[in-house]
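I opened the notebook to record what I looked up in this model. The entries go from the whole chain to single residues.

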Amino acid sequence: MTDDRQQEEAVAGAWARIEAWLRQNAPRSYRMLPPPAPEPDILAVEQELDLTVPPGLRAFYGLRNGTGHPADFGWTPEPETGLAPQGQETAWLLPRKHGIPPVQHLPYWDEGPHTIGMPVDPAMRYLAFAATDRSGLYGLFTDCTPGPGYGRIGTFEEAGIPKLGVWPSFADYLIEVADALYENRGVEYADGHQDKNVPGLVDQALAWDGPSYPLDPNWTRFA
């Protein structure tokens, strides 16, 4: 079995666990999940951004075209998706309120980290694939630069230097998210620190927040 295949299967398994949790505990988040991304759309984004999406993230897009309704990201769904025109702001269901947009939306975050460093190293390719809101100023990126670091996950923020090595791969990230959900805890990072935000619910939608001072007054910790 190739490493690419292992990444794909690991993502499929972790995402299946997350969906099963959503279906049972956060049905509003589950109902708003979109269908898979069309393969031609993935290829078009790769061509436009001149990079190859790592196998784990590509596998996710083969299952769902993002973590929620396209309108949550400011994107009008295509008629053939069969989705309602409006979302319910349930897409931000990953830890630290991150959401993964439709693959077609990724080029609109082109002021994100995949442009940083390119004047020095034209081969560098960092792809922002998750953010805390539709502005895309804070979130997660993956290293699409060919070489030993290909597929690593890092964090980025507005006017900051991207930080690599937060997780070795998208599969590792998604497995940790699934584990944290089922163990009802914050995610643990590669450096050993654990996030204080834990799984909770807002009107049957998954939201990670701090139990001491939740940002949303309607948030309740999952029990």
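How many positive and negative side chains does the protein have, and how far apart do the centres of the two sets lie? I found 16 positive and 31 negative side chains, with the two centres 7 Å apart. Lys and Arg count as positive and Asp and Glu as negative, while His and the chain ends are not counted. The place of a charge is NZ of Lys, CZ of Arg, CG of Asp or CD of Glu.

Ground rules. I note that this is a predicted model, in which local features need pLDDT of at least 70 and side-chain atom pairs count only at pLDDT 80 or more, while totals for chains, interfaces and linings use all residues. Residues are numbered from 1 along each chain as its sequence is written, and side-chain values use heavy atoms, with hydrogens and water left out.

Whole chain. I read the order of elements from the N terminus as α-α-α-α-β-β-β-β-α-β-β-β; helices (H or I, at least four residues) and strands (E, at least two) are DSSP runs, numbered from the N terminus. The radius of gyration is 17 Å, close to the 17 Å from the globule rule for 223 residues, so the protein is as compact as a globular protein of that length. That radius is taken over C-alpha atoms, and the rule is 2.2 Å times the number of residues to the power 0.38. I also noted that buried residues make up 52% of the 223; buried means under 20% relative accessible area, exposed over 50%, partly exposed in between (1.4 Å probe, protein chains only).

Threonine 67. I placed this residue in the loop between α4 (55–61) and β1 (126–131). Threonine 67 is buried, at 0% relative accessible area. Its side chain reaches the backbone oxygen of alanine 91 at 2.7 Å. Beyond neighbours within four places in sequence, its contacts (heavy atoms within 4.5 Å) include Trp15, Phe60, Phe73 and Ile100.

Aspartate 209. I found this residue in strand β6 (residues 205–209). Aspartate 209 counts as buried, at 4% relative accessibility. Its side chain reaches the backbone nitrogen of leucine 215 at 2.9 Å. Leaving aside neighbours within four places in sequence, aspartate 209 is in contact with residues including Lys97, Lys196 and Trp219.

Glycine 149. Last, I looked at the loop between β2 (139–143) and β3 (153–156), where glycine 149 lies. Glycine 149 counts as buried, at 13% relative accessibility. Its C-alpha atom is separated by 37 Å from that of arginine 28, 121 residues apart along the chain.

Notes
Polar contact = N/O pair within 3.5 Å; in protein donor to acceptor, adjacent residues only side chain to side chain.
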